[in-house]
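Welcome! Let's take a friendly look at this protein, one piece at a time.

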Number of protein chains: 2
Amino acid sequence: MSNNTKDIIFIGKKPLMTYVTAAILQLSILPSITLKARGLSISSAVTVAQIILKRTNTFKLGDIKIDSESLDSLDGKKRNVSTIEIPVNRIEQQVGN
Amino acid sequence: MSNNTKDIIFIGKKPLMTYVTAAILQLSILPSITLKARGLSISSAVTVAQIILKRTNTFKLGDIKIDSESLDSLDGKKRNVSTIEIPVNRIEQQVGN
């Protein structure tokens, strides 16, 4: 799958508007995308979703999922890290009405 | 409403297990509670919810909501802060089956 059609956007440490722009660009091509984040970036993912919703009237949220993943840390122990998935869907425009 | 029957737990900067313990205590009295957080504490709220779910088999999540609030900051400007609400419900036990 090429970079132009990816429907999952991983939220990390870049400036928030980077992700907002990327998400809106993808949503001009695709009917829906999913914002994913883990750990402290979860707060950023929520903010990115809110910016997308408040700036435009053409998107709505799907069912938000939270989970946790088990990672091997550098000291060899297992660590659980929380994750979030926020689906953002394009509201289909009524054509011809 | 007394402290013993509050159904909303605000997640802040205390150690996570403080909120986990408070939530499980409330869920022994009430059928459901809601974890609320804003800003960077959103990640903590997700982790608290995950700890509650993974340690026990008696709770399930409701529909997670995200939103944003407008706050007046100290410099007089408006600032938007993201919020999350995570409902945690007790799974009703089948009695006598």
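Two strands count as paired if DSSP finds at least two bridges between them. Keep in mind that you are looking at a predicted model.

- In chain A, strand β4 covers residues 65–72 and strand β5 covers residues 78–90; the two run antiparallel to each other and are joined by eight bridges.
- If you look across this pair, you will find Ile84(A) of β5(A) opposite Ile66(A).
- Five residues lie between β4(A) and β5(A), which form a hairpin.
- In the turn, Gly76(A) has a positive phi of about 85°.

**The helix**
- Helix α2 of chain A takes in residues 41–55, and its 15 residues should span 21 Å at 1.5 Å a residue.
- Most of α2(A) is covered, with eleven of its 15 residues buried.
- Among the buried ones are Ile42(A), Ala45(A), Val46(A), Val48(A) and Ile51(A).

**Lys54(A)**
- Lys54(A) belongs to helix α2 of chain A.
- Is Lys54(A) buried or exposed? Its relative accessibility is 53%, so Lys54(A) counts as exposed, since the cut-off for exposed is over 50%.
- Leaving aside residues up to four places away in sequence, Lys54(A) touches Asp67(B) and Ser68(B).
- With Ser68(B), the side chain of Lys54(A) makes a polar contact, side chain to side chain, at 3.3 Å.
- Ile24(A) is 30 residues from Lys54(A) in sequence, and their C-alpha atoms are 12 Å apart in space.

Definitions and conventions. Residues are numbered from 1 along each chain as its sequence is written. Chains are lettered from A and ligands numbered from 1 in the order in which they are written. This is a predicted model: local features need pLDDT of at least 70, side-chain atom pairs count only at pLDDT 80 or more; totals for chains, interfaces and linings use all residues. Side-chain values use heavy atoms; hydrogens and water are left out. Helices (H or I, at least four residues) and strands (E, at least two) are DSSP runs, numbered from the N terminus. The expected span of a helix is 1.5 Å times one less than its number of residues. Buried means under 20% relative accessible area, exposed over 50%, partly exposed in between (1.4 Å probe, protein chains only). Contact means heavy atoms within 4.5 Å. A polar contact is a pair of N or O atoms within 3.5 Å; within protein, one must be able to donate a hydrogen and the other to accept it, and residues adjacent in sequence count only if both atoms are side-chain atoms.
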